[in-house]
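Please look over the sequence and the model below. Then follow the text through it, from the whole chain down to single residues.

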Protein chains: 2
Amino acid sequence: MLLHSLFISTSSTISKTLTPYKTLTLALLFPRRLSSMAAAAGEDALRRALAEKQAAADAQAEAVRAIKARAGASEAEVDAAVEALKALRVEAGATAKRLAAAAAAAGSNGGGGDWAGSREAFRQAVVNTLERRLFYIPSFKIYRGVAGLYDYGPPGCAVKSNVLAFWRQHFVLEENMLEVDCPCVTPEVVLKASGHVDKFTDLMVKDEKTGTCYRADHLLKDFCKEKLEKDPKLSPEQAAELKHVLAVLDDLSADELGAKIKEYGITAPDTKNPLSEPYPFNLMFQTSIGPSGLSPGYMRPETAQGIFVNFKDLYYYNGNKLPFAAAQIGQAFRNEISPRQGLLRVREFTLAEIEHFVDPEDKSHPKFGDVADLEFLMFPRELQLAGESAKPMILREAVSKGTVNNETLGYFIGRVYLFLTRLGIDKDRLRFRQHLPNEMAHYAADCWDAEIECSYGWIECVGIADRSAYDLRAHTEKSGVPLVAYEKFAEPKEVEKLVIVPSKKELGLAFKGNQKMVVEALEAMSEKEALEMKSALESKGEVDFHVCTLGKDVVIKQNMVSISIEKKKEHQRVFTPSVIEPSFGIGRIIYCLFEHSFYTRPSKSEDEQLNVFRFPPLVAPIKCTVFPLVKSQEFDDVAKVIAKSLTAAGISHIIDITGTSIGKRYARTDEIGVPFAVTVDSTTSVTIRERDSKEQIRVEVDKVASVMKEVADGQSTWADVTSRFPAHTQPDKD
Amino acid sequence: MLLHSLFISTSSTISKTLTPYKTLTLALLFPRRLSSMAAAAGEDALRRALAEKQAAADAQAEAVRAIKARAGASEAEVDAAVEALKALRVEAGATAKRLAAAAAAAGSNGGGGDWAGSREAFRQAVVNTLERRLFYIPSFKIYRGVAGLYDYGPPGCAVKSNVLAFWRQHFVLEENMLEVDCPCVTPEVVLKASGHVDKFTDLMVKDEKTGTCYRADHLLKDFCKEKLEKDPKLSPEQAAELKHVLAVLDDLSADELGAKIKEYGITAPDTKNPLSEPYPFNLMFQTSIGPSGLSPGYMRPETAQGIFVNFKDLYYYNGNKLPFAAAQIGQAFRNEISPRQGLLRVREFTLAEIEHFVDPEDKSHPKFGDVADLEFLMFPRELQLAGESAKPMILREAVSKGTVNNETLGYFIGRVYLFLTRLGIDKDRLRFRQHLPNEMAHYAADCWDAEIECSYGWIECVGIADRSAYDLRAHTEKSGVPLVAYEKFAEPKEVEKLVIVPSKKELGLAFKGNQKMVVEALEAMSEKEALEMKSALESKGEVDFHVCTLGKDVVIKQNMVSISIEKKKEHQRVFTPSVIEPSFGIGRIIYCLFEHSFYTRPSKSEDEQLNVFRFPPLVAPIKCTVFPLVKSQEFDDVAKVIAKSLTAAGISHIIDITGTSIGKRYARTDEIGVPFAVTVDSTTSVTIRERDSKEQIRVEVDKVASVMKEVADGQSTWADVTSRFPAHTQPDKD
């Protein structure tokens, strides 16, 4: 189960989970972004400066009006006053920008103001390239689209399928996981058991006149940010209050949100009409299964439930042994109230989820040693509460100190780190953040999110949670099918067991028609209740006993029930396994990968900036291009031979026999991240150029496919290859 | 667009398409199964025999009753009479079975009565193995499931992902197709344009008392089959009538179906209550996008529409050149009224669809030569109408004779044949059946289905249709965005064009406020209307002209409009491309593959039959097993080293170090189709056994992974490998 928050709350990193027992007060006591408090002083100074500059500009504007109104003012005098006004406005504008950047940076817990200022521009450059080269396309564009739905175009689709293939190799194959593939259409009973029907909601407000819907927390957040970024009259106290609201936003109840919206006088953004009270809107797409209209169903909001309901069969398939993991890749759906943040908050997305079932009494992992020495940024609870930043930690120490709850959780954290960095995620913009107590579900043992920093801030991309026995218990209860595991004892064990034997005869005589209800109530007693009754009966001979189903107390006498502790031999332990769940938002990982892979460099003539995606060969949508250097039948034929051998080897490639200049052809393919270019410049050997270093080597025609396969499959690196083939010494063709 | 019928009508092979102009009469004139008429005589004889035997048994039963009732009848006499009755009943039962088998075989157009009789048993054996080994699992089983929804369990999921990976290699990579990935949630406007909102329906009847829904054609079909298989009193004329109804079933209108149901007195199967008139039920799962409830959406019934709406971007991506193909793999949904036939008729399934866009004036294909010499079973229209069977044809001839409409369609038929047979589909149970005129949409140029024979009969698994320009035109009209292609002329061409120039001044004077409507109506005239008006104006000076938007006729005079034919130079041709669409029902292909791969063979001791799936390595869920021959630390260590090298090479495998007998371990893995078993019987070299031949070779430990990779990837066959390594001469271990 991917945490609710993974696709719901992003810029605020306090997650909202499906827990029914939210410890709201904790959240109010420990707003997470204490670290941003240090920045507040700088913001206040900026805010004061902005107020002064705006006041000065306003005064000058008044002066200009006065001069113009005055009879006989010279043209020169008017011009000078207007120039002065312009200068003051430019100054005020610059200060406003700095304030907005500082507030935004603090708000998103990101880097300094400069980066914050350029974030938007950077994102725009990436997104423009992605859209222009059809990495993705707003879905149903010719019909003006649907918010929150995107298509992957050809290169995006190839990247996605490479990421999924690597996920299968890295997790499913490496760990011998049991992969399953369940439908998206899910009957209500399953999602009732999981809690989604009742709790998978966001709070919504409606424009009271037009009926347009908004997410209540979004409106409050926008209001607070706008104020912080643009209002020069904000006092330090007011600014602190707004920041506090932003920090606890995700934990506010409907009433608390409604009260704040009223207090701040927030209205509908488009119409300024008054808003309704906030009320919950269920985020699942609802439908109806079959023609009767009597079987409600939903499009699954996650893939995990399909695994949980199959636990019994999968456990059997695994030879009734623990631990084992099941995995699923598939579509999930969330009917967002108002999707934002482009590819990060969407209504339909691909999840890859693992449910690792383990004995709660033994969460060690035999392969933990393989990842224990990894060192990467971790952001445990203590650092967050102390207002510090994430710090590099060695995984072995994090587990041995108890920072990470257990070895299995630690193992998966390590494996996720390897997965993401091998895809090309920058390890300096990747951290593992532990959930604060108020973020976690009451049943969870521990939970860490892999967060990746991009232009939107730190984004939750993988959730790795120890969910204990919650999900299996929920489905056991609802379905009546025990989802449990067994541990056979080497020797039978002697255990003490409470035995309650109601005497039906005596109870029948005493209670007649009510006998059955009394018998059931006696049998349902907890151990504590039974022992208390036993001692009361022994001392007093009778006892008052409340029977719920009768709605009254009855008198139980000593001859009506026998209560004893008996020793029994047990041959096995029956228990509900714990589940450790790494859950991957594939679309988010891919978007962050796009940002981390993007850079620009000047063209050879230095008259323009060229875009490059530095995808590793593993994820590159196309592994190489084949270009004849000049237009010639001979070279074209060689190019076609090479293309055919690449196809046979399963290497995706494009062949471009247009006469366009080689530099332009390089630029075009660098922009979709093709790592290697094969230029046919003779009939016996060719030049292979690497995208980022622009290094070139010479390779014989009949070896091209095998060399490309080596580097594309990751068996060799470019460095390995360059050591085996001669460098191409002629000048770089672009 | 996969034809409606692919997931709707299976046992009857006359397809129902989305065509608005169904030529019902043709269907009534040419019932498809003329071939089954020959069998009818045999059935009639059986039916007469059954009636005689039942009558004899009834008479004997009467006799038994009479003997028993008679005072003084001896025990021996009673026993003899009862024995005689039993014998007659056994005979009648056997005849009833033969009749049912004969009728079923004729009905499903399958083989002889023997095969028909054993079909059910064969299917049961396959399905039992599939369910027991978790190839698939009825979804949400612990909640008693949902009809028409299935999970793929671990081996099924692996087979599916191998099939899809091969599909990508065979089609997308080989042809450089543009793969896209669009959402399942689709707004209404898109499916309105495609015709699904209005026409994607099945006819349903309701139990008038309980409200239970049934597919009208299913009830009628069941009634006819039941009668044909079990009613001994059926006259040859009545049998012929019922067979005719079965043959034209899919083409009956709501009224016709309703009339037949009434005529035959068909009632609700469970309650015998009367049924409502048939009415259409839309098969799409409906939902609502966003919180307002004002944006209806559907779960897509096919993936094709996502490609059509992106045509403009994809054409641009392809350098504005034709032909090119786009492809998509994804989930599709159909809310069946009452799903049947297990994995063949489901409510959610994976489609893989290709839309190949081509100039309608040039449907040649440069690679047709690669497949032209293939020979396989084809079932063109003429053979079907003549009541003959499918015949082997050479593809080149089928295209050159015009049996297949064009080269591109022929090329894809050939590629589909290669795809299916390489997966392991038996070429003798695979045929390409051409749609009859009444099955095809009015706009389609030609259409062929790849049908695979399994225990359910011939099943439509791939549809390959030339859909002409229909889909792109429909979306052009609805969206207003022209989805067209351009052909630049080498030289500008002179063409004649109609030019209509209304004189706004004169029209303004004449019609005042209505001027705009008249101008628009004049400009909207067709060429024919304009030329008629031109000649009328020239001869009479004025003409009556109907303006729809005014709802009346106006008088147009010669000075109000100028109509002329002008010569213009055109630099390009603008046209809507044709689309050729191969559309694959992945789940159906996999189910047929399961049946074609399944066989049983006796165990070594010959005391039981063992199940085997003879999957080719390409699709096998697990490529090899690693077994230490006997329990030993040394052998276990070697097994683990081999397993590690297999993981590194990306070869899925299972390692079994339990002490179970090697024969049992073989049997267990033969049953999930693992093609190779690596038995560790020394520390330097091992035995590799092939599943079907049970041949064994000896391979050094450090070469195991590379040998397994060769055969798993299809670079080498088992025969190649056996020629390179020594045979293992010791007796077969199982």
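What follows is a walk through this structure, from overall build to local detail. The model is predicted.

Start with chain A as a whole. Chain A is 734 residues long, and 56% of them are buried. Its secondary structure comprises 25 helices and 28 strands. Along the principal axes, the C-alpha atoms occupy a box of roughly 110 × 90 × 55 Å. Now take the contacts in chain A between residues with a separation of 6 or more. Of these, 70% join residues 24 or more positions apart.

Which of the elements gives the most? It is H21(A), with five residues. By class, the lining of the second largest cavity has 13 nonpolar, three polar and five charged residues.

Stay in chain A for some backbone details. Arg144(A) sits in the loop between strand S1 (136-138) and S2. Its phi is positive, about 65°, although Arg144(A) is not a glycine. Is the residue buried or exposed? Arg144(A) counts as exposed, because its relative accessibility is 81% and the cut-off for exposed is over 50%.

Asn320(A) also has a positive phi, about 55°, and is not a glycine. Asn320(A) belongs to the loop between H12 and S10 of chain A. Its relative accessible area is 43%, so Asn320(A) is partly exposed. The loop between helix H12 (311-317) and strand S10 (324-333) of chain A also holds Pro323(A). Here the peptide bond between Leu322(A) and Pro323(A) is cis, with omega about -10°.

Now cross to chain B. Pro323(B) lies in the loop between helix H12 (311-317) and strand S10 (324-333) of that chain. What kind of peptide bond joins Leu322(B) to Pro323(B)? The bond is cis, and omega is about -10°.

Helix H8 (residues 216-230) and helix H9 (residues 236-248) of chain B pack at an angle of about 150°. Their axes are 10 Å apart. The crossing of H8(B) and H9(B) is left-handed. H8(B) brings Leu220(B), Lys221(B), Phe223(B), Cys224(B), Lys225(B), Lys227(B) and Leu228(B) to the contact. H9(B) meets them with Ala239(B), Leu242(B), Lys243(B), Val245(B) and Leu246(B). The contact of H8(B) with H9(B) counts eight nonpolar and four charged residues, and no polar ones.

Take Ser468(B) to begin. Ser468(B) lies in the loop between strand S16 (457-466) and helix H16 (470-479). Its relative accessibility is 18%, so Ser468(B) counts as buried; the cut-off is under 20%. What does Ser468(B) touch, leaving out residues up to four places away in sequence? Its contacts are Tyr443(B), Pro577(B), Ser578(B) and Val579(B).

Gly659(B) is in the loop between strand S25 (653-655) and H22 of chain B. Gly659(B) counts as exposed, because its relative accessibility is 60%. Its C-alpha lies 8.6 Å from that of Pro628(B), 31 residues away in sequence.

Gly673(B) sits in the loop between helix H22 (662-670) and strand S26 (676-680). Is Gly673(B) buried or exposed? At 0% relative accessibility, Gly673(B) counts as buried. Setting aside residues up to four places away in sequence, Gly673(B) touches Phe613(B), Phe615(B), Ala620(B) and Arg691(B). Gly673(B) and Pro155(B) are 518 residues apart along the chain, yet their C-alpha atoms are separated by 9.2 Å.

Note on methods. Residues are numbered from 1 along each chain as its sequence is written. Chains are lettered from A and ligands numbered from 1 in the order in which they are written. This is a predicted model: local features need pLDDT of at least 70, side-chain atom pairs count only at pLDDT 80 or more; totals for chains, interfaces and linings use all residues. Side-chain values use heavy atoms; hydrogens and water are left out. Axes are lines fitted to C-alpha atoms, for helices over the stretch in contact, and angles run from 0 to 180 degrees between N-to-C directions. Helices (H or I, at least four residues) and strands (E, at least two) are DSSP runs, numbered from the N terminus. A crossing is left-handed if the near helix is turned anticlockwise from the far one by less than a right angle, and right-handed if clockwise. Contact means heavy atoms within 4.5 Å. Ala, Val, Leu, Ile, Met, Phe, Trp, Tyr, Cys and Pro count as nonpolar, Asp, Glu, Lys and Arg as charged, and the others, Gly among them, as polar. Buried means under 20% relative accessible area, exposed over 50%, partly exposed in between (1.4 Å probe, protein chains only).
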